[in-house]
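Welcome! Take a moment to look over the sequence and the model, then work through the exercises below.

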Amino acid sequence: MAPRDKGPEPDEILQAVLVADSFNERFKPLTSDRPRCLMPLANVPLIEYTMEFLALSGVQEIIIICKSHSDAIKDYIRQSRWHNSKSPSVQVVVSQGMVSLGDAMREIDEKRLLKSDFILVNGDVVSNLDLSAAVELHRQRRKTADKKAIMTMVLRQASVNHRSRPRAEESVFVLDALTHQCIHWEATQPYPLRAEKLALDVDRLKDREQVLICTDLIDCQIDICSIEVPPLFYENFDWQELRSHFLTGILESDLLDKNIYAHLLHDGYATRVVTPRMYDAVSKDILSRWAYPIAPESNMIAGHTYTYSRPNIYKEEGVRLAITATLQENVAVGAKTIIGDNTRISNSVIGSNCRIGANVVIDGAYIWDDCVIEDDSSVRKAILGDGVQLGKGVVVEPGAIIRGKTIVKAGTRIEVNSKVFAGADGNVELLKSDLDDDDDEDERLNTELGNIGTPAPPDPEEADSDSDDDDEDEDEDAGGDWKADADATIDRSFAEDHTIDTAVLELNTLKMANDLDFHDLRTVVLEKLLREVDLTKTKDSAEKILTRWKQFYAKYLQDPADQLDGLRILADYCSTRPAHRKQLPVILFALYNAELLDDDHCIIKWHRSLQGETGVRGVIRDELKNFVTWVETAGEESDSDEDSDEDSDEDSD
C-alpha cells in the first residue's frame, strides 16, 4: 500500500467504526431475512442501542461497515433519526468481500476513512457508558506515557456467574497491575470440563512487580484504537479476528513493538448480544432496570409511547388487556396488542399488533410484531419472529426459535432448542444444526450454552467427584446444580418439618439466585413429589404427603394456567419412567381429591390436547381415559347439585 501523506494533523475529532455483520449464524433462522443489528431487543432495533452509546460518548462521525443485508441497513438509517444527524454524522460503507472483522479493517484502511483515534464496536453492543474519560486517558497515554500504545480494550468487571456474561465466549486477561497493560490473553470454554492452566511467557513478566490474572471481566469488544490499527490488519492478511489474531499477534511479536492496554469498568452497563441466551439476559436487564437509563419508557424510537408501572411493567398506548389476564413482572407490551382471558405473561417482551388468546402462558419469551397465539398455548424461553402464528394448544419449549411468518398448526409441540421455519409446502421444518454427528461433543455442548434456558455447566473441580454418581444421575433430568439445590431444600424442609412459608421462601431465594422462573420451580417441586411417592402403595403414600404439604404444593398450582403447566410436567416426567406412568392416574386422583387440581375444564382440555399423539404420549392418554371420564362426571354432578341448591333457595323465598 502507498505511504500516507504526512500533512498537518486534523482536529482530534472522535470517530467510530461500527461493524454491522456478526460473521456467524447463531440467530438463524431469524437472521435469514434481516441482519442481527436490526433485530428488536425490548422492541428497539439493536443498532439503536449501539448508536446511542456512541453518541453519548461524544463520537462525531460513525462509519457503519456491512455486507449482509446492506440494503436493509441503509434503508433503516435513511428512515431513522440518524439520517440528518450532524453530530454524530453517519456513513454506511458496503464491503462485498467482507467475511471477518479483519476484512472490515482492511476495507476501512483502503478507503482512508479515518482521521484520528476511533472507537471500534460491533452492531450488537448495549451500553449506558460515556467513554469520554476512557478516550481521553487513551490519548494522553499515547502522548506522554507510552507512544507505542495502539489500543485500549474496554472491559467490564462482573462476578463469574453474572447473567450478562456470555457463556463459552469468555477470556482470561493477564494485566500489569500498575498500568493495566495487557501481557497475555486466552480464550476459555467450559467444555471439556477441566481445570484451566495458563502458559505464560516469562519474558513478558520481567521488570513487572505485580500482575493481575483476571477471569471476571466481560469483554464487550469495545476498543479505543489509534489510527495505526487498520494498517496493521492490512499488512497481516491472515489476521481475521480481533482477539485471537490481532491481540495475540501484537502480544507475541517482538518485531511490531506495539502495546495494548485495558480500561476496567467498575460500574455502568456494557455487553454484547452474541447468542440467544445473551439476547434473553440483556432483555431481562433492560426490563429489570439494571441498564438504566436504557429502559422502554425512554422511547428511543419515534412514535413509541411506553409508560412504566410496578413491578417493571411497560405498556404502549392501545394495548387491550382482558380483565382476567395477568402481567406478572418484567413485561413489555407493544402498541395495539390484544391479550385474552386468563392469560399470564412474565419476564417477556411482546411486540406491537399481536393477538394473544385465552389461557395462554408466556414466560421468558420474546414475541415480535404481528404474532398470533391462539388459546391454550404455552411459550417459554423462546423467540418468535414477526408474524408467527401459533394454533390452539401449541407448546413451544425452551431454546426454540421460530422464523417470522411461520404458521404452526394446533396441538404442535416445538421441542427444546428447535430452530423452526416454514417450508415450501407451508409445513413446519427444522433448521439443520451446523454441527453434525461427527463433530466433537464438547463443541456441541459449548454451542448449546448459547441457547436460552440451557443450564450452566458444572464446576470443573467437581466433575471428577460427580463422575462416580453417574448411575444415580441417569434417573435425573439434566438441569444443572440448581435442581440439586432445590431437591436438597425440599428434603430439608420435609425432614426438619419447616413451615410452608419457610420452604417457599427458600425456593424463591434459589429462584432469584439462579435466574429461574415459576415454571422451573413447579417442575422441580412436582418431580420431587413423584420421586417421594412410594409406588408400592401409591394412593396411601401420595395422600400422606399431600395431607402434610398441601399448602406447599398449592403455591405452585394456583390457577388454571399453573395447573395446565403442572399436568404437562407430570406427563413429561412419567413418559420416560414406565413405573411412574402406570401410577399417574392414581397420583392425579390424589391431587384432584386434595383440590390441587381443581379445575375440571383444565384437566379435560389437557387430555384432549393429547388426541393424535402416538408413542408413549398416546399410551398416557389412553391410560388416563377412565380418570378423565370420572372428572367429567364429577363436574357434571357438582354443577347439578349447585343448580338444585339454587332452585331450593328460590322455592324457600
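**Exercise 1.** How many cavities of 30 Å³ or more does the count come to?

*Solution.* Before counting, note that this is a predicted model, in which local features need pLDDT of at least 70 and side-chain atom pairs count only at pLDDT 80 or more, while totals for chains, interfaces and linings use all residues. Residues are numbered from 1 along each chain as its sequence is written, and side-chain values use heavy atoms, with hydrogens and water left out.

A cavity is a set of points, on a 1 Å grid over the protein atoms alone, where a 1.4 Å probe fits but cannot get out; lining residues have an atom within 4 Å of a point. The count comes to four cavities of 30 Å³ or more.

**Exercise 2.** Describe the lining of the largest cavity.

*Solution.* Start with the space inside, about 50 Å³; a volume is the space filled by probe spheres set on the points, which are joined across faces, edges and corners. Next, find the lining residues, among them Arg165, Phe173 and Asp219. Strand 9 (170-176) and strand 12 (217-225) each give two or more residues to this lining. Strands here are DSSP runs of E, at least two residues, and helices are runs of H or I, at least four, numbered from the N terminus.

**Exercise 3.** Is helix 1 (residues 46-56) mostly covered or mostly open?

*Solution.* Buried means under 20% relative accessible area (1.4 Å probe, protein chains only). Eight of the eleven residues in helix 1 are buried, so the helix is mostly covered. Those buried include Leu46, Tyr49 and Phe53.

Terms used:
1 Å grid on protein atoms, 1.4 Å probe; cavity = no way out; pocket = protein on both sides within 12 Å on 5 of 7 lines; lining within 4 Å. Buried < 20%, exposed > 50% of the residue type's maximum accessible area, 1.4 Å probe, protein only.
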